[in-house]
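Hello,

Here is the structure we spoke of passing on. Please have a look at it first; my notes follow below.

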Amino acid sequence: MEATLPLFYKFHFYLFGLFAVAAAITFVTRKSPVAAAVWLVVTMFSLAAMYVLLDAHFIGVIQVIVYAGAIMVVFLFVIMLLNLGDAEAITDARGGWWKIAAGAVALAFLAQVAVLARFEAPAALRLPAGRVAEQVAEQGAIAPIAGPLFTRYLLAFEVTSVLLLVAVVGAVVLGKQRRHTDAR
Amino acid sequence: MLAEALFFSAVLFAIGVIGVLTRRNAIIVFMCVELMLNAVNLSFVAFAQAYGAAGHVFVFLVMTVAAAEAAVGLAVIIALFRHRQTVNLQQINLLKG
C-alpha cells in the first residue's frame with residue numbers, strides 16, 4: 001500500500017497534466033470562441049484535479065466553482081451577447097511572423113523554467129515531506145487556509161473586498177448604455 | 001512532485017503567451033490571460049505543498065483578482081463592441097497616431 005500509493009498519485013498527476021496541456025493547445029487553436037471557451041473549461045477541470053493531487057482540496061473545489069463555473073459562464077454570456085459564435089473572420093490568427101515570434105517567446109520561457117526547475121531552496125524554508133497532507137488530515141481541508149487568511153493576510157483579504165466593489169462599480173459604469181451622450 | 005508541477009505550469013503559461021501574441025479576437029486573448037493566471041496558480045499550489053499552506057492563500061487572492069478582472073475586462077469588451085461593432089484587435093486602433 002505504502003509503495004503503490006505514490007505511483008498511483010504520480011500517474012494521475014501526469015495524466016491530468018497532459019490533459020490540461022492538450023486541452024490548452026486545442027483551446028488556443030480553435031477558431032470559434034465558444035469551442036475555445038469549452039476547451040478552456042476542460043483545462044480548468046484538469047487543473048482542479050491536479051490541485052487535489054497536490055493536497056489543495058479546497059483550492060480544487062474553488063477552481064471548479066469560481067473558474068470553471070462563474071468566470072467561464074460570464075465569458076460564454078459575453079460571447080452570446082456579442083453574437084460571436086460563428087464569427088470566423090474575426091478569429092483569424094495573426095500572420096506567420098507573429099507565430100514565429102510567439103513560438104520564440106514561449107521557447108524562451110520554457111528555457112528559463114528549465115533552469116529554474118533545478119532551483120533548490122534553503123533547507124530552513126522547506127517543510128518536512130507530507131506536512132501539508134498531515135495538516136489537511138488533522139484540521140480538515142479549509143482550516144489550514146482560513147488560519148493565515150484571517151490572521152496574517154487579513155489586510156490583503158480586506159483590500160480584496162474593496163477591489164471587488166470597484167470591479168462591480170466599474171463593470172456597471174462601463175456596461176451602461178449611454179443614449180444621450182451629448183445631454184450630459 | 002514540485003518539478004513536474006512547475007513543468008506543467010510553465011507549459012500552460014507558454015501556451016497562454018502564444019495565444020495572447022497570435023490571436024486577434026479580444027475575447028480569446030482575454031481567455032488566454034486567464035489561462036496564464038491558472039498556470040501561475042498551479043505553481044503556487046505546488047510550492048505550497050513544499051513550503052507551507054500560505055501559498056493557498058495567494059491562490060485564493062489571485063482567483064479573486066481574476067474574477068474582478070473578468071468582470072471589468074468583459075465590460076470593456078462590450079463597450080468596445082458597442083462603439084466599433086467588432087472585437088478584432090487589428091481594427092481597434094484608437095490610440096494610433
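**Notes on the model**

Chain A contains seven helices and zero strands. Read from the N terminus, its elements therefore run α-α-α-α-α-α-α. Please keep in mind that this is a predicted model. Of the 184 residues in chain A, 30% are buried. For contacts in chain A between residues at least 6 apart in sequence, 57% join residues at least 24 apart.

**The interface of chain B and chain A**

Chain B brings 68 residues to the contact and chain A brings 77 residues. The size of an interface is often given as the accessible area lost when the parts come together. Here the area buried between chain B and chain A is about 6,600 Å², and carbon and sulfur atoms give 79% of that area.

On the side of chain B that touches chain A, helix 1 (2-22), helix 2 (26-51) and helix 3 (54-84) of chain B each supply at least two residues. Helix 3 of chain B gives the largest share, 24 residues. By type, the residues on this side of chain B are 52 nonpolar, 11 polar and five charged.

**Helix 6 of chain A**

Pro144(A), Ile145(A) and Leu149(A) are buried in helix 6 of chain A, which spans residues 143-150. The buried residues of this helix fall within an arc of 125° when seen down its axis, so they line one face of the helix. An α-helix has 3.6 residues a turn, so residues three or four places apart point the same way. The cover over the buried residues of helix 6 of chain A includes helix 3 (57-81), helix 5 (131-139) and helix 7 (154-175) of chain A, together with helix 3 of chain B.

**Ala36(A)**

Is Ala36(A) buried or exposed? Ala36(A) has 0% relative accessibility; the cut-off for buried is under 20%, so this residue counts as buried. Ala36(A) sits in helix 2 of chain A, residues 33-53. Leaving aside neighbours within four places in sequence, Ala36(A) is in contact with Phe27(A) and Arg30(A) of chain A, and with Ile28(B) and Met31(B) of chain B. Glu134(A) is 98 residues from Ala36(A) in sequence, and the two are 39 Å apart in space, C-alpha to C-alpha.

Regards

Methods. Residues are numbered from 1 along each chain as its sequence is written. Chains are lettered from A and ligands numbered from 1 in the order in which they are written. This is a predicted model: local features need pLDDT of at least 70, side-chain atom pairs count only at pLDDT 80 or more; totals for chains, interfaces and linings use all residues. Side-chain values use heavy atoms; hydrogens and water are left out. Contact means heavy atoms within 4.5 Å. Buried area is the accessible area (1.4 Å probe) that two parts lose on being put together, summed over both. Helices (H or I, at least four residues) and strands (E, at least two) are DSSP runs, numbered from the N terminus. Ala, Val, Leu, Ile, Met, Phe, Trp, Tyr, Cys and Pro count as nonpolar, Asp, Glu, Lys and Arg as charged, and the others, Gly among them, as polar. Buried means under 20% relative accessible area, exposed over 50%, partly exposed in between (1.4 Å probe, protein chains only). The arc is that of the directions from the helix axis to the C-beta atoms.
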